[in-house]
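Here is a short briefing on one chain. Look over the sequence and the model before reading on.

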Amino acid sequence: MTDEKQGSEQARAAAAKYEKWKENGVLLRAFFYIAGTHLFAGFVWLLFMLGEHAEK
């Protein structure tokens, strides 16, 4: 019976570790999506600024 108890505790610990790993993955992915979107928006803004000040 103690072997089953240890096995279930190890399974719970492994599941918690896996969930933490998934959570960190989601946070990292969200950071890159947000940062990438801001970089793209900054690039588009830069193009508009350069186009506005260009000689015509």
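Which residues form a nonpolar patch on the surface? The patch consists of Phe-40, Phe-43, Trp-45, Leu-46, Leu-47 and Leu-50. This is a predicted model: local features need pLDDT of at least 70, side-chain atom pairs count only at pLDDT 80 or more, and totals for chains, interfaces and linings use all residues. Residues are numbered from 1 along each chain as its sequence is written, and side-chain values use heavy atoms, leaving out hydrogens and water.

**Nonpolar patch**
- Together, the six named side chains' residues have about 690 Å² of accessible area (Shrake-Rupley method, 1.4 Å probe; for residues, only the protein chains shown count as cover).
- Patches are made of residues with over 30% relative accessible area and no salt bridge; like charges are joined within 9 Å, nonpolar side chains (Val, Leu, Ile, Met, Phe, Trp, Tyr) within 5 Å.
- Phe-43 sits in helix 1, residues 2–52 (helices, H or I, of at least four residues, are DSSP runs numbered from the N terminus).
- Phe-43 is partly exposed, at 46% relative accessible area (buried is under 20%, exposed over 50%, partly exposed in between; 1.4 Å probe, protein chains only).

**Salt bridge**
- The count is one salt bridge (a side-chain nitrogen of Lys or Arg within 4 Å of a carboxyl oxygen of Asp or Glu).
- Lys-22 pairs with Glu-19, with 3.6 Å between the closest N and O atoms.
- Both lie in helix 1, three residues apart, so about one helical turn separates them.
- Lys-22 is partly exposed at 36%, and Glu-19 is partly exposed at 43%.

**Gln-6**
- Gln-6 belongs to helix 1 and is partly exposed, at 48% relative accessibility.
- Its C-alpha atom is 36 Å from that of Ala-30, 24 residues away along the chain.

Conventions:
Helices (H or I, at least four residues) and strands (E, at least two) are DSSP runs, numbered from the N terminus.
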